[in-house]
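Subject: Structure handover

Hello,

Here is the structure for you to look through. My notes on what turned up in it follow below.

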Amino acid sequence: MQTRWRILWAHFTLVFALLLVVMPLPTWANMLRPDWPLLVVGYWVLALPHRISIGTAFAVGFFVDVMVGTVLGVNAAGYAVVAFVLAANHLKIRNFSILQQAFLIGLLLAMYHLLIFWISHFLTGVYFRAAYLWPVVTGMLVWPYVFLLLRRLRRQLKIQ
Amino acid sequence: MKPIFERGPSLSLRLFLALVASAGLITLDQYTNSSAQLRSFLTASVSPLFYLANLPQDVMFGASEQFKSHQKILEENQVLKNTVLLQNGQLQRLQFLQQENDKLRALLGAQPVTAGKRLIAEVLAVYSHPFSHQIVLNKGSNDGVSVGQPLLDDLGVLGQVVSVGPNSSRALLIVDNTHAISARVERTGLAVVAEGIGQSDTLRVIHLPHSTDVQEGDRLVTSGLDGVFPEGYPIARVNKVNRDPRQPFLQVTAEPYAKLDRIRYVLLAWPHTGTSQADPEMLAPPDDVKAKEQH
């Protein structure tokens with residue numbers, strides 16, 4: 001029973017990542033804000049794909065939609081797609097070095113941003129600006145730290 | 001422990017289900033009438049998260065207020081007193097002008113314009129996601145906030161309320177991609193439409209023929225024609241006019257007066273609709289405003 005409930009720690013990190021989405025920041029930093037929940041969900045999907053997978057990613061994406069104010073379901077779809085790619089290839093990606101992982105995560109972040117831009121473009125007619133893609137770069141830069149921190153947490157707390 | 005055999009549906013099936021669910025959500029949110037209710041319920045249920053996220057900033061702000069030096073507070077007090085003196089002087093003149101205006105309107109047989117009720121609300125969250133420029137306020141239906149209500153601050157028009165929860169509400173800013181506001185060029189009186197393009201410092205004035213008289217530096221004010229915003233409030237300053245004959249219309253952009261990315265307090269206005277609703281209670285400043293004035 002003890003080990004069964006330790007997964008709640010993973011959910012706690014997800015809630016914390018959601019907090020970081022709405023944390024007030026100065027304007028210039030706002031554009032650079034990485035997609036924290038996506039990075040954290042990505043880590044847990046790689047580490048424990050049998051516990052945290054597309055369903056959880058969808059739920060987290062839905063909460064991001066609610067908190068960020070995009071059309072409901074847009075981020076949920078983007079998160080589910082990224083989680084699918086990670087879960088389907090988790091055995092391969094786990095064997096990559098952290099830098100290789102960071103590049104792969106960058107690719108997935110770019111795919112996620114273009115996907116939600118594409119859906120939002122059809123729904124509300126937004127215009128594309130290159131500045132939308134800053135979180136891809138910052139997300140790539142913070143991935144090694146997110147990865148090492150969460151791996152340490154998982155090992156210390158024996159989350160499985 | 002990782003099971004050797006897969007349990008539950010396969011990954012592709014799960015992805016398919018997630019995509020179908022999100023398509024359902026998108027349809028529900030975008031194309032049905034229940035979206036406002038759903039949104040307000042969801043906003044209310046995640047509002048603890050917003051309070052938590054704001055906590056560090058509030059604590060820092062409180063701490064810096066605590067440790068402000070006596071000298072600084074005295075200086076600030078002096079500046080504030082000067083401002084009050086100046087504005088009181090202008091206010092006396094305003095009352096005189098208001099009376100004069102009322103008399104003139106009475107002579108013309110037009111309805112007198114009275115100030116509606118005002119309420120100060122604090123901003124809990126600013127969304128500046130490129131696809132959605134919205135703010136969440138700490139006042140909701142319990143305070144009488146309703147959908148479609150205009151928001152102002154000391155510099156100009158901010159936006160309008162789009163969904164209301166019991167203790168919080170969500171407002172669309174004028175720079176949002178889906179928002180357009182009916183404006184009037186103050187210099188010429190020309191009625192125009194200014195729409196947001198998803199950047200917090202730019203509005204676009206659309207559908208102006210090439211012969212239109214618009215210049216850089218023109219002030220855009222609300223026209224009141226949209227029935228949402230009260231007439232005569234400043235919106236934006238025209239900062240670029242591109243007369244490219246190859247384009248069907250003039251390309252005009254304007255910069256909002258309000259600093260839309262750093263709002264802390266907003267003024268909720270109840271749009272005034274004729275004399276019949278002007279009960280004396282509405283004309284008195286609400287308790288909230290009085291409380292703010294005493295601080």
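**Strands of chain B**

Strand β10 (residues 234-242) of chain B and strand β11 (residues 251-256) of chain B are antiparallel partners, joined over 6 bridges. Within that pairing, Val238(B) has Ala254(B) of β11(B) as its bridge partner. Please keep in mind that this is a predicted model.

In general, the strands of a sheet are paired through backbone hydrogen bonds, in a parallel or an antiparallel sense. Here the pair belongs to a closed barrel of 6 strands in chain B, with antiparallel pairing, in the order β6-β7-β8-β11-β10-β9. On average, and with direction ignored, neighbouring strands of this sheet are turned by 40° against each other.

**Domains of chain B**

Contact between them involves 9 residues of domain 1 of chain B and 11 residues of domain 2 of chain B. On the side of domain 1 of chain B that touches domain 2 of chain B, the residues comprise 4 nonpolar, 4 polar and 1 charged.

**Chain B against chain A**

The two chains meet through 37 residues of chain B and 37 residues of chain A. On the chain B side, at least two residues each come from α1 (11-31), α2 (35-66), β1 (118-129) and β2 (132-137). Which of these elements gives the most? That is α1(B), with 13 residues on the side of chain B that touches chain A. By type, the residues of this side of chain B split into 22 nonpolar, 11 polar and 4 charged.

**A helix pair in chain A**

In chain A, helix α4 (residues 36-47) packs with helix α9 (residues 134-157), their axes lying 10 Å apart at an angle of about 50°. The crossing of α4(A) and α9(A) is right-handed.

From α4(A), the contact is made by Leu39(A), Val40(A), Tyr43(A) and Ala47(A). The α9(A) part consists of Gly139(A), Val142(A), Trp143(A), Val146(A), Phe147(A), Leu150(A) and Arg154(A). Sorted by type, the residues of the contact of α4(A) with α9(A) are 9 nonpolar, 1 polar and 1 charged.

Regards

Notes: Residues are numbered from 1 along each chain as its sequence is written. Chains are lettered from A and ligands numbered from 1 in the order in which they are written. This is a predicted model: local features need pLDDT of at least 70, side-chain atom pairs count only at pLDDT 80 or more; totals for chains, interfaces and linings use all residues. Two residues are in contact if their C-beta atoms, placed from the backbone, lie within 7 Å. Ala, Val, Leu, Ile, Met, Phe, Trp, Tyr, Cys and Pro count as nonpolar, Asp, Glu, Lys and Arg as charged, and the others, Gly among them, as polar. Axes are lines fitted to C-alpha atoms, for helices over the stretch in contact, and angles run from 0 to 180 degrees between N-to-C directions. Helices (H or I, at least four residues) and strands (E, at least two) are DSSP runs, numbered from the N terminus. A crossing is left-handed if the near helix is turned anticlockwise from the far one by less than a right angle, and right-handed if clockwise. Two strands pair if DSSP finds at least two bridges between them.
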